[in-house]
Amino acid sequence: MLFRANTKSKKQTAFILNAICCVLFLCLAVGFRGCSMSGMQSVLEVQRTPLAYNAGLIDGIAMVEGKIRQEDATLRTKINGRACVYFDWKKEKEVKDSEGDTSWKTVDSKTMSVDFRLVDASGEVSVANRGGRPERLVKKTGSRRYGKYRETEYAILLGDTVTVVGGYHSDSNQISRTAPALATEFTISTRGEDAILRTLGWSSMFWRFLIPIFGGSLFLFSSYCFRWLCAQFLRRSYRCL
């Protein structure tokens, strides 16, 4: 029991405080379990979804792999000027604080994306790369450093082999966001199917183990602080009586 008391009125107050702490602990436990189960569910969904040909897709969750249609690569990367359908560019400046420690501060950045058609041996399918707000697992495609500045860029380039997991809609022949009932996020990867599974797996492990540990520690610390504050409040209250 977190709170103890030796008088009737104090016991009633302690009972209420203990009940509040139990409810908080239960909410934390349910929330962390939900995060963990969601991560595990997404891993299982992807594992049960084999790579399919574009011509054989049906409505629902789908995974396809192919190349970007050349006409759709209308963007150019900032560093190398290569044709792409997505880039995330960042420029940073090295700064020094009053203690002489150095760090990097973002001074400029730009992200652009366009929808594209993914082509395989059987046909093509549209990918909502812009409007579908996908998760992207892409490689670093450029970097440079000059003076106190550095630039880095990640992109989906024309010529990349692209793996897409998402919800297929036959009426528009497009892959975009998955149904709300599914745990799997709409994902575009230039690092293959394995990268998607690894990311989902590590995310699930993180929520399953690290977050409950952190949450438990936070709960104990908060309970201790709450107990101390309540004890101070009760002590002052009874002094006034």
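**Exercise 1.** Leaving aside its neighbours within four places in sequence, with which residues is D72 in contact?

*Solution.* The model is a predicted one, in which local features need pLDDT of at least 70, side-chain atom pairs count only at pLDDT 80 or more, and totals for chains, interfaces and linings use all residues. Residues are numbered from 1 along each chain as its sequence is written, and side-chain values use heavy atoms, with hydrogens and water left out.

Step 1. Locate D72: it is in the loop between β1 and β2 (75–76). Helices (H or I, at least four residues) and strands (E, at least two) are DSSP runs, numbered from the N terminus.

Step 2. List the contacts, where contact means heavy atoms within 4.5 Å. Neighbours within four places in sequence aside, D72 is in contact with V85, V114, D115, F116 and R117.

Step 3. Examine R117: its backbone nitrogen lies 2.8 Å from a polar atom of the D72 side chain.

Step 4. Classify D72. Buried means under 20% relative accessible area, exposed over 50%, and partly exposed in between (1.4 Å probe, protein chains only). D72 has a relative accessible area of 12%, so it is buried.

**Exercise 2.** Describe the largest nonpolar core and the surroundings of L118.

*Solution.* Step 1. Apply the definition: a nonpolar core is a set of buried Ala, Val, Leu, Ile, Met, Phe, Trp, Tyr and Cys residues joined through side-chain atoms within 4.5 Å. The largest such core has 29 residues. Those with the most contacts inside it are F116, L118, I156, V162, V164, I175 and I188.

Step 1. Assign elements. Two or more residues each come from β1 (60–68), β3 (83–96), β5 (116–120), β6 (123–127), β9 (149–157) and β10 (161–169). The largest share, six residues, is given by β3.

Step 2. Turn to L118. Beyond four places in sequence, its contacts include V64, G66 and I68, as well as V125, V127, V162 and V164.

Step 3. Another core, of five residues, lies apart from this one; among its members are L137, V165, A195 and I196.

**Exercise 3.** Which rings form the aromatic pair, and is the pair stacked, tilted or edge-to-face?

*Solution.* Step 1. Rings of Phe, Tyr and Trp (its six-membered ring) pair if their centres lie within 6.5 Å; planes under 30 degrees apart count as stacked, over 60 as edge-to-face and the rest as tilted.

Step 1. The structure holds one aromatic pair. The ring centres of Y146 and Y149 are 6.1 Å apart and their planes are at 25°, so the pair is stacked.

Step 2. Y146 is partly exposed, at 35% relative accessibility, and Y149 is partly exposed at 27%.

Step 3. Consider charges, given that a charge sits over a ring if NZ of Lys or CZ of Arg is within 6 Å of the ring centre and within 35 degrees of the ring normal. K91 lies over the face of Y149, at 4.9 Å from the ring centre, and K78 lies over the face of W89, at 4.7 Å.

Key
Polar contact = N/O pair within 3.5 Å; in protein donor to acceptor, adjacent residues only side chain to side chain.
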